[in-house]
Amino acid sequence: MKRNIFKRTFIACAAFMVFAIPGAKAQGLWDAYRFSAQNPDGTARSVAMGNAFTALGGDMGSIWLNPAGSAVNNFNEASITPALTLANSSTVYAGTSTKDDRTNFNIANIGYLGSVNIDPVGIRSISFGLVFNRMKDFSSAQSARGHAVGSSWLQAVAMQCQGIDKSVLESDNAFYTDAPWNGVLAYKTFLIDPLPDSDCDYFAATENLDHLTREIYLASPVDQFYHSYQRGYHYEADLNCSMNIDNIVYLGANIGLQTLYYKQSNDYTEMPTDKLACESKLSAFTQSFSQRTVGSGVNFKVGVICTPIPELRFGASIQTPTWMWLTEDSEMGMSSSFSDGDAYHKWSPLQSFDYRLRSPFKWNVGAALTIAKMAVISVDYQMEDYSTMKLSDRNNNTSLFDYENALIKDYCTSRSVFRAGAEVTFPENISVRAGYQNYSTGVKKEYAGVEDNFSIGSLGIGWASPSGFFIDATYQRYLTKQEEVFSLYDMPDAPGGHTEWGRSKIYLTLGFRF
């Protein structure tokens, strides 16, 4: 690609280059959605039945969904559910296919439920418990590689710095100015340079300058490599209390205490295929970006289960918004190497920001049917409105986030969740289970990308001994692959990419009732 140095136009770099702007809040719509939209785990039994337990109750995995579920059984229970997450991705970028995967071992659910008998009539028992449940698993990995003929990532950086005096980029305080961090790092590692007759116009190390025609052109096609991975968790600890009224009505309430950890790391490498063609003698460069978010939150939930007849149950629960306090740290690095042996490396200062997030209000309804005391069918419906999310600073002042909160209202919408499950128990106390979940997107269709509609299927088996010990195992698989179309930088000839994500999980519950 050729471009005349007197006819440049500014191009705002896309994808992860947006994080290069100092003072710009990465805490926006997509972070709010990422930390609010959950896909909870549970026990192996509840997951096997699609977590359709709003009306069913009676399982450690139902407490996060309906607090009244702990009152259904009148015994004490302790259990733990380790899980294995298998995440994979398949990317086609610039015509080249790349696969990546990430495996994560975690605890999906652990807790204790106790029951105290009160009276044979009226309030028959009171139950209480503490249950930890994994509300979201952030594990994923993505890789892309390809060959670009007409453009370079560094070209976009050079154009992004147009109009910024070189004295700003080379100063010790460059990171605290309005200059983009990508540009500052590229300048300090000799990946962009000012034109010979200008102090505020730049060309990239992947470009050559024709001094006769005054044109800048890509010196050589470039090989491009991109890798991104995410890891982290979102847990909720539910302090639960419930009561059983005449084995007909069950009431419960939770105080939910949440903890969150999220880490994202990106690396982008580019190298000319013909290094001798570059007047800069560039061999390769790598840009790195890292973001970490930690935080905590609190919510409250109440629920009810009614059994008008022993074979039929109805359930409902409502949850307040979760009020979250979050801290985000981010930093960026750049390294360069040249064929004459020179090499440079520079990191930006660590940027830290505290903010608050209010997630949506949620409600659930469900029904469960018992057939011949050996089979159960259960269905659930959940609704949450993501346009009601709100960001604010640490002092709960929303004025700093007026733009982001306006985007949330415009871009987001209500998300519905449908869950269904079935269980058949044989005389040998062996149970087989199946479940299905469907999540609609909480983002309006014209803006939806990776967070699109998806479905999940599950199969499980369990065995319970007369002594109270039980063991359950479940395999869960995402039936719909999430997709994303992307570009790593914004240039007319920038290659495009397409990624599909797949995910499956294995759960094992060990427990004892007494």
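User: Which residues of helix 6 are exposed on its other side?

Analyst: In this predicted model, Tyr-403 and Lys-409 are the exposed residues there. Exposed here means over 50% relative accessible area.

User: Which residues of helix 6 are buried?

Analyst: Helix 6 spans residues 402-411, and its buried residues are Glu-404, Asn-405 and Ile-408.

User: Why do the buried residues of helix 6 line one face?

Analyst: The general idea comes first. An α-helix has 3.6 residues a turn, so residues three or four places apart point the same way. In this case, the view down the axis of helix 6 puts its buried residues within an arc of 100 degrees, so they line one face of the helix.

User: What covers the buried residues of helix 6?

Analyst: The cover includes helix 1 (29-36) and strand 19 (390-393).

User: Now the cavities. How many are there of 30 Å³ or more?

Analyst: A cavity is space where a 1.4 Å probe fits but cannot get out. The count here is 2 cavities of 30 Å³ or more.

User: What lines the second largest cavity?

Analyst: That cavity holds about 70 Å³ of space. Its lining includes Asp-59, Met-60, Phe-75, Glu-77 and Ser-127, and divides into 4 nonpolar, 6 polar and 2 charged residues.

Terms used:
Residues are numbered from 1 along each chain as its sequence is written. This is a predicted model: local features need pLDDT of at least 70, side-chain atom pairs count only at pLDDT 80 or more; totals for chains, interfaces and linings use all residues. Side-chain values use heavy atoms; hydrogens and water are left out. On a 1 Å grid over the protein atoms alone, a cavity is a set of points where a 1.4 Å probe fits but cannot get out, and a pocket is an open set with protein on both sides within 12 Å along at least five of seven lines; lining residues have an atom within 4 Å of a point. Grid points are joined across faces, edges and corners, and a volume is the space filled by probe spheres set on the points. Ala, Val, Leu, Ile, Met, Phe, Trp, Tyr, Cys and Pro count as nonpolar, Asp, Glu, Lys and Arg as charged, and the others, Gly among them, as polar. Buried means under 20% relative accessible area, exposed over 50%, partly exposed in between (1.4 Å probe, protein chains only). Helices (H or I, at least four residues) and strands (E, at least two) are DSSP runs, numbered from the N terminus. The arc is that of the directions from the helix axis to the C-beta atoms. Contact means heavy atoms within 4.5 Å.
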